[in-house]
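Here are my notes for a colleague opening this structure for the first time. Please keep the model in view while reading the numbered points.

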Amino acid sequence: MTSDLARPSLPLRAELVGLEPYGAPQLDVPHLLNVNENPYAPSVDVVADIAHDVAEAAAGLNRYPDRDFRALRADLAGYLAVESGVELAEDQIWAANGSNEIMLHLLQAFGGPGRTALSFAPTYSMYPEYARDTSTRWVVGRRAEDFTIDPQGAAALIAVEAPSVVLLASPNNPTGTALPARTLEVILDAAADVPGGCVVVVDEAYGEFRREGVRSALHLLADRPHLVVSRTMSKAFGLAGARVGYLAAAPALVDALRVVRLPYHLSAVTQAVARAALRHAPALMAQIGSLRAERDALVEWLRDRGLRVAESDANFVLFGVFDDRHAIWQGLLDRGVLIRETGPEGWLRVSIGTPEDMTAFKDALVEVAGL
């Protein structure tokens, strides 16, 4: 039997034919610095609290969970009040299985056939996939040479394209670039003039790693009913394996997401894990400071060796430029250090790890790149 005959003919959507699923390499090497994870596992105390709360939740797994997870939403609002100084009500919070599902909910609710989502490249490579999966037209503008967004150019593009959704990562992935408040305000003003309305999503997946003086977009929520600020517990909380993302927005916008969510989409176990971790937020936030310091030291080290480095408010650094970045990537991998071959041509991205990880990365890069 030939391979063609062995495969059934499936009515796959035409735009999906030949595509590969999203995913970074998952390799077993000593220094994993390619997917922006928090390098520190939850502490013994956090693990114990999670285990206790999961055991309690397990006793009721014959019942569906609270589909509106109000206790978790209240806890997340309390956390944001401390982290960003912005008081929010629980009905301004929404959560899902990672910020990926948060974004999908937003495109399901506000995108779709005949509608447009817009962003500015280079940016997170999943954004066009959210648009594709919801049959939303995808339009991308360009960032400047330093990876910032020209506010007037962005406003002009919004006026021409009339998107229903604008996606802005801040800090941006893969560049680490934070969005200045003034740029965001210009974009919000332009979006407010779009006929039929336009939702502006600020994706702050790495928001806790921002440098001192860089404010969260949460401060603009009170006066901007079409603004969404998305966060995740994967990075700062070291809970990538728990899959918990959330957003803050006006109650009416949150209610719109309740229409498109799958029933009981956030399991009782997931809710228990997230709430237990949130009780340890002060200790986890203290750990963020060491990662920020490690990032800033790495930026300086790379620049001292003549490399270009993008300004970073995230837990990763984009650096270059190499004539053959794949050779550099492979050379590092051969020495037990896995980073990410992503971003503009010639650039590479490295996640911030432990001091031991960073030493291994630096030693390998010096050897491979001849620094």
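1. Glu90 and Arg70 join their side chains in a salt bridge, at 2.8 Å from N to O. The term stands for a side-chain nitrogen of Lys or Arg within 4 Å of a carboxyl oxygen of Asp or Glu. Glu90 sits in the loop between α3 (70-84) and β2 (93-96), and Arg70 in helix α3, so the pair ties together parts that are 20 residues apart in sequence. Helices (H or I, at least four residues) and strands (E, at least two) are DSSP runs, numbered from the N terminus.

2. A word on the basis. This is a predicted model, in which local features need pLDDT of at least 70 and side-chain atom pairs count only at pLDDT 80 or more, while totals for chains, interfaces and linings use all residues. Residues are numbered from 1 along each chain as its sequence is written, and side-chain values use heavy atoms, with hydrogens and water left out.

3. How open are the two partners from point 1? Glu90 is partly exposed, with a relative accessible area of 27%. Arg70 is partly exposed too, at 37%. The classes are: buried under 20% relative accessible area, exposed over 50%, partly exposed in between (1.4 Å probe, protein chains only).

4. How many salt bridges does a search of the whole structure find? The count is 24. Side chains of opposite charge can pair when their charged atoms come close. Some of these links form a network, which takes in Glu83, Glu204, Glu208, Arg210 and Arg231.

5. Two pairs lie within helices. Arg132 forms a salt bridge with Glu129, with 3.6 Å between the closest N and O atoms. Both belong to helix α5, three residues apart, about one turn of the helix. Arg132 is partly exposed at 25% relative accessible area, whereas Glu129 is buried at 18%. In helix α7, Glu185 and Arg182 are also three residues apart, about one turn of the helix. Their side chains meet in a salt bridge at 3.7 Å, N to O. Glu185 counts as partly exposed at 26% relative accessibility, and Arg182 as exposed at 53%.

6. Stay with α7 (residues 181-192), which also holds Thr183. Is Thr183 buried or exposed? Thr183 counts as buried, at 8% relative accessibility. Thr183 is in contact (heavy atoms within 4.5 Å) with Ile149 and Pro151, leaving aside neighbours within four places in sequence.

7. Next, look at strand β5 (residues 165-169). Five of its five residues are buried, so the strand is largely enclosed by the rest of the structure. Val165, Leu167 and Ala169 point one way, and Val166 and Leu168 the other way.

8. Which strands pair with β5? Strand β3 (residues 116-121) and β5 pair in the parallel sense over two bridges. Leu118 stands opposite Val166 there. Strand β6 (residues 199-203) and β5 are also parallel, over five bridges. Leu167 has Val201 of β6 as its bridge partner. From β5 the chain crosses through α7 to β6, and this β-α-β crossover is right-handed: with the strands pointing away from the viewer, the path from the first strand over the helix to the second runs clockwise. Pairing here requires that DSSP finds at least two bridges between two strands.

9. A further sheet deserves a look. Three strands form an open sheet in the order β9-β10-β12, with antiparallel pairing. β9 (308-309) and β12 (348-351) stand at the edges, each with a single partner strand, so one side of each is left without a neighbour in the sheet. Two bridges join β9 to strand β10 (residues 316-320). Arg308 stands opposite Gly320 in β10.

10. Thr136 is found in the loop between α5 (127-133) and β4 (137-142). Thr136 is buried, at 7% relative accessible area. Not counting residues up to four places away in sequence, Thr136 touches several residues, including Leu107, Gly111, Arg115 and Ala131.

11. Finally, the loop between α1 (3-6) and β1 (31-32) holds Leu10. Leu10 counts as exposed, at 66% relative accessibility.
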